[in-house]
Amino acid sequence: MDGNRRVISDGAVLVDGSRISNVGKSSEFHERADFKIDAKGMVILPGFIDTHVHLAQAMMRGCADDTSLIDWLQKFVWPLQGNYDAQDGKASAELCMLEMIKSGTTTFLESLLHSRYGFDGIAESVQKSGMRGVLSKTVMGLPSYGTENSIMYPGMIEDAETCLHEVESHFKRWDGKANGRIRVWYGARSLGGCTRELYERIAKGAQKLGTGVTMHLSEIQEDVRYAKKEFGMMPAEFMNEVGLAGRNVVFAHGVWLTEMEWRILADKGGSVAHCPSSNMKLASGIAKVPEMLQTGVNVGLGCDGGPSNNCYDMMREMKAASLLHKVRTMDPLTMSAGTVLEMATIKGARALGQERQIGSIEVGKKADLIIVDTRKPHLTPTFNPVSNIVYAGEGSDVDTAIIDGNIVMENRIVKTLDGEKVVRVASERAARLLERAGLDIVPN
Ligand SMILES: [Zn+2]
């Protein structure tokens, strides 16, 4: 993954500090390295960039399967999230990051952090994990979703002034920390969760701080009905009017966006985070990704959350993305392995406004690299490493992860987090959470 999409056999990457200082054939390297990783039989790739993640939902994996979206939110997801405390937030974030590192994700965009999850604790965990992450603090003003009024669980409701104030204070404390690995954005609630005025204030706030905004948009048809009824416009048309369609904006899903709205995004620079597994599982619909790409919209990939996907594995997500659009368009040429790999790397970097730093293996960029072990039956032979990784690979094939020049995982052992402890704490806390929320989940 570089400007020319080269595949270098017998390749090598030289890292100096946090940056890549040389890329090419290993036989042409003359620098003496202090330390070497033997990647024979493996493929070096830029780390994956997940553009739509809910850290707090990892601990709710499988809590609401085979359910409609509104029930999914109202009966399961919100009551559970609405009973989180800061220790739960931290435990879930660590579980999520452990899974992401182990499947090759090096950077993520977290879209909605409620205050009750404990922003500082989560940011400290990101710092410790070694990952690169954008943390978006939820901003909301109304307890609704689409045209459904007052449906939100009491523990999930937040006040607009407090939200706006908290984004600014988190930004001051955390943005740029951990050698620039941590960024702080606005996480605007979906249509129905904010007034027009609040969206305008978010846009102005982001401009003032020079930061980004992410929100769920046109995930379900209800979003379209709401925008038409309340504002007489299509969802992205409305977001453009309030100043939220520019290069610093990432819309999750965009399933029901229309051609007119793709043009707005292509023109203004806003990105879409495509979440094919989540959209399939919740039967939200199929985003017209090949058409969006053709129109010039920047589209990244996202795993969404524990109850919607139910995993945070970008390798599986790449395959889902490719196959879904092939069968929808009845065109096997569409959404090639190379295209989805771009979405999982360089296009994700662009969505986050970090395309000069990450998303490809080029001299001067941050050393965010993964090494995938292809010496496995399901990856043999390796005629085409790109299609092998996209169509036959799985997250557990990632052997090594390097972020910001630091080895975060080696031989599948994560060095920054205590994997056993993270899993144990998360399962204990998840059981207690279920009890507090008064939920009983029975396998159906
Ligand atoms: Zn989401």
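This is a predicted model: local features need pLDDT of at least 70, side-chain atom pairs count only at pLDDT 80 or more; totals for chains, interfaces and linings use all residues.
Visitor: How many bridges join E4 to E5?

Guide: Strand E5 spans residues 105–113, and E4 and E5 run parallel. They pair, as DSSP finds at least two bridges between them. The number of bridges joining E4 to E5 is 4.

Visitor: How many residues of E4 are buried?

Guide: Buried means under 20% relative accessible area, exposed over 50%, and partly exposed in between, with a 1.4 Å probe and protein chains only. E4 is largely enclosed by the rest of the structure. The buried residues of E4 number 6 of the 6.

Visitor: Which residues are the protein donors of the zinc ion?

Guide: Donors are N, O and S atoms within 2.8 Å of the metal (3.2 Å for Na, K and Ca), and water is not among the atoms, so sites may look incomplete. Here the donors lie 2.1 to 2.4 Å from the zinc ion.

Visitor: What spacing do the zinc donors follow along the chain?

Guide: Take His54 and His216, which link distant parts of the chain. His54 sits in the loop between strand E4 (48–53) and helix H1 (69–81), while His216 is in strand E8 (residues 213–217), 162 residues apart. The donors follow the spacing H-x1-H-x161-H-x87-D.

Visitor: Is His54 buried or exposed?

Guide: The relative accessible area of His54 is 6%. His216, at 8% relative accessibility, counts as buried. His54 is also buried.

Visitor: What is the arrangement of the 4 donor atoms around the zinc ion?

Guide: Four donors count as tetrahedral if all angles lie between 85 and 135 degrees; four count as square planar and six as octahedral if opposite donors are over 155 degrees apart and all others between 65 and 115; anything else is irregular. Around this zinc ion, the angles run from 86 to 175°. Those angles make the arrangement irregular.

How values were computed. Residues are numbered from 1 along each chain as its sequence is written. Side-chain values use heavy atoms; hydrogens and water are left out. Helices (H or I, at least four residues) and strands (E, at least two) are DSSP runs, numbered from the N terminus.
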